[in-house]
Amino acid sequence: MTLPNSTSTALAAIDMGSNSFRLEIAQLQQGRYRRQLYLKETVRLGAGLDEQGMLTEAAMERGLNCLARFAVELRGYAPERVRAVATQTLREARNRDAFLRRAELALGFPIEVISGREEARLIYAGVARLQRSEQPRLVIDIGGRSTEMILGQGTTPELAESFQVGSVSLSLRFFPDGRFTPEAFRAAQIAAGAELEEALALFERSRWQEALGSSGTVGAVAQLLAGSGITDGSITPEALRWCIEQCLRAGHIDQLDLPGLKDDRRAVVGGGLCILYTLLTQFGIERLQPTKGALRQGVIFDLDARLMVQRSGRQGDMREHSVAALQQRFGVDVEQARRVGRLAQSLYKQLQPDATREQWRELGWAADLHEIGMMVSHHDHHRHSAYLLAHVDAPGFSQSQLRRLADLVLGQRGGLRKLDTQFASDPHLVWQVLALRLAVLTCHAREPVSGRALSLSRERQQVLLKPAKRWAATHPRAVYLLREEAEAWSKSEQLRVLLDS
């Protein structure tokens, strides 16, 4: 099934959901979406979270084995044409970093953990491009451990939220032994309603004209209803009551025999029905239509947009817009950010001339946002900046990338031991941090700085700082700070930094 002749033009998305892992390979030609390969495996990663929030070894092995099979299909693909995203289970898992290291080795490509809102944005991108409409619409995606709701019109999402309730988590909690009882259904619906109640005003009925359901749970219930002749696949409150009645008559998952109900959905159908019924009744949804498009297609469209920006050399990546919005939101001194960014990238080029485009861009974004913590307090602003970046929602960025930016801005000043763990797992981070620290110090007076003020020479893990003589003579305080910086690195095991005085 491998497609060696298309690896230079096709794009691949891996969706590591809480219930299933999916691989989709497609080509975009003149705006048309052409699927070339689709694989889905029921992994039940979300069912492998124990009471301490740790992924069990058995669950991790299921995921790793699946990714290894996906890797076979992705041989020959350039890294920039593949994007793997992980959702709610890995947002929650306390041992996610340990799993991700093994998972990236199995897959052969980086894996990004995305926030709930970013997941919702990408879901809408898939739906909006594959099922076009100019009507205001509500899009719902019920996953294994989260539910995403999006309001949008055309291709623009206007409001995107994620709620921590899903078909796997609700089924495990209220139908753990597979038994269906009226009490369990009522309790599950109350729990779902409690989680979704805060969304009632945000997604009220007057704000949309059509409701669409994306992905697994909605698709499974739509197939069940169509296969049983209850509806044409549309989901209505009456049809859901019929489904729940069939579950109660069966009494147990093993006794449930409905046309169109696939075995991989049997264990989570109870939780999925409860979430759907709660959504339809609480939000006034008379009819929910299953739709084309889901997270994996949204990832492919987003990846294509990034590559188009890269090829054209113009601005337009969603992440650029997010950085500009954060600068405005937190009152960043934009001129200072530009000064630091220009110098940091000039120094980084001397340290890492073969760095990837994403590494260059990450350093630039870190420079753009290194002072957002000033809004909180000038004192220790680097720590405030790091905290904000690690926890903010920024469309286009994954949680993984935001955490990396947070590490970068945390390292802009102060002791270096705080990043020992990150340096050990990511050697590239050392050179980005050094470039950013030197740029921040050199630009500390908030005045224009010549790109020739400071030059670097590197030999393996030793770096020599060479201030321009004329500049050094007129900037003694900056030279003093550079000397202090060289001393700071002497206390680190990462690099030896010398000042040519």
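Reader: What stands opposite Pro 290 in E10?
Author: Gly 213 is the residue opposite Pro 290 in E10. Strands here are DSSP runs of type E with at least two residues, helices are runs of H or I with at least four residues, and both are numbered from the N terminus. This is a predicted model, in which local features need pLDDT of at least 70 and side-chain atom pairs count only at pLDDT 80 or more, while totals for chains, interfaces and linings use all residues. Residues are numbered from 1 along each chain as its sequence is written, and side-chain values use heavy atoms, with hydrogens and water left out.

Reader: In which sense do E9 and E10 pair, and over how many bridges?
Author: Strand E9, residues 210-214, pairs with E10 in the parallel sense over two bridges; pairing requires that DSSP finds at least two bridges between the strands.

Reader: What is the strand order of the open sheet that they belong to?
Author: The order is E8-E7-E6-E9-E10, which makes an open sheet of five strands with mixed pairing. Strand E8 (156-163) and strand E10 (289-290) each have a single partner strand and stand at the edges, so one side of each is left without a neighbour in the sheet.

Reader: Which helix packs on the sheet there, touching E6 and E7?
Author: Helix H10, residues 269-282, does, and the strands it touches are E6 (137-142) and E7 (147-153); contact means heavy atoms within 4.5 Å. The direction of H10 makes about 160 degrees with that of E6, where axes are lines fitted to C-alpha atoms, for helices over the stretch in contact, and angles run from 0 to 180 degrees between N-to-C directions.

Reader: And at what angle do H6 and H10 pack?
Author: Helix H6 (residues 182-196) packs with H10 at about 55 degrees, and their axes are 9 Å apart. That angle makes H6 oblique to H10, given that under 35 degrees counts as roughly parallel, over 145 as roughly antiparallel, 65 to 115 as roughly perpendicular and the rest as oblique.

Reader: Which residues make that contact?
Author: From H6 they include Phe 185, Ala 188 and Leu 196, and from H10 they include Cys 274, Ile 275 and Tyr 277. By class, the contact of H6 with H10 has eight nonpolar, five polar and no charged residues, with Ala, Val, Leu, Ile, Met, Phe, Trp, Tyr, Cys and Pro counted as nonpolar, Asp, Glu, Lys and Arg as charged, and the others, Gly among them, as polar.

Reader: Switching topic, what is the strand order in the sheet that contains E1?
Author: That open sheet has five strands in the order E3-E2-E1-E4-E5, and its pairing is mixed. Its edge strands are E3 (32-42) and E5 (111-113), each of which pairs on one side only. On average, neighbouring strands of this sheet are turned by 20 degrees against each other, direction ignored.

Reader: How do E1 and E4 pair?
Author: Strand E1 (residues 11-16) and strand E4 (residues 82-86) pair in the parallel sense over five bridges, and Met 16 stands opposite Ala 86 in E4.

Reader: How many bridges join E2 to E3?
Author: There are 10 bridges between E2 and E3, which run antiparallel, and the bridge partner of Arg 22 in E3 is Lys 40. Their hairpin has two residues between the strands, and in it Gln 30 takes a positive phi near 50 degrees.

Reader: Which helix lies across E1, E2, E3 and E4?
Author: Helix H11, residues 295-312, lies across those strands and runs at about 140 degrees to E1.

Reader: Back to helix pairs: at what angle do H7 and H8 pack?
Author: Helix H7 (residues 215-227) and helix H8 (residues 237-250) pack at about 85 degrees with their axes 11 Å apart, and that makes H7 roughly perpendicular to H8. Val 221, Leu 224 and Leu 225 in H7 meet Ala 239, Leu 240, Trp 242 and Cys 243 in H8. The residues of this contact divide into seven nonpolar, no polar and no charged.

Reader: How about H14 and H16, at what angle do they cross?
Author: The axes of helix H14 (residues 357-369) and helix H16 (residues 399-410) cross at roughly 60 degrees and come within 9 Å, which makes H14 oblique to H16. Among the residues in contact are Glu 358 and Trp 365 of H14, together with Arg 404 and Leu 408 of H16. By class, the contact of H14 with H16 has six nonpolar, one polar and three charged residues.
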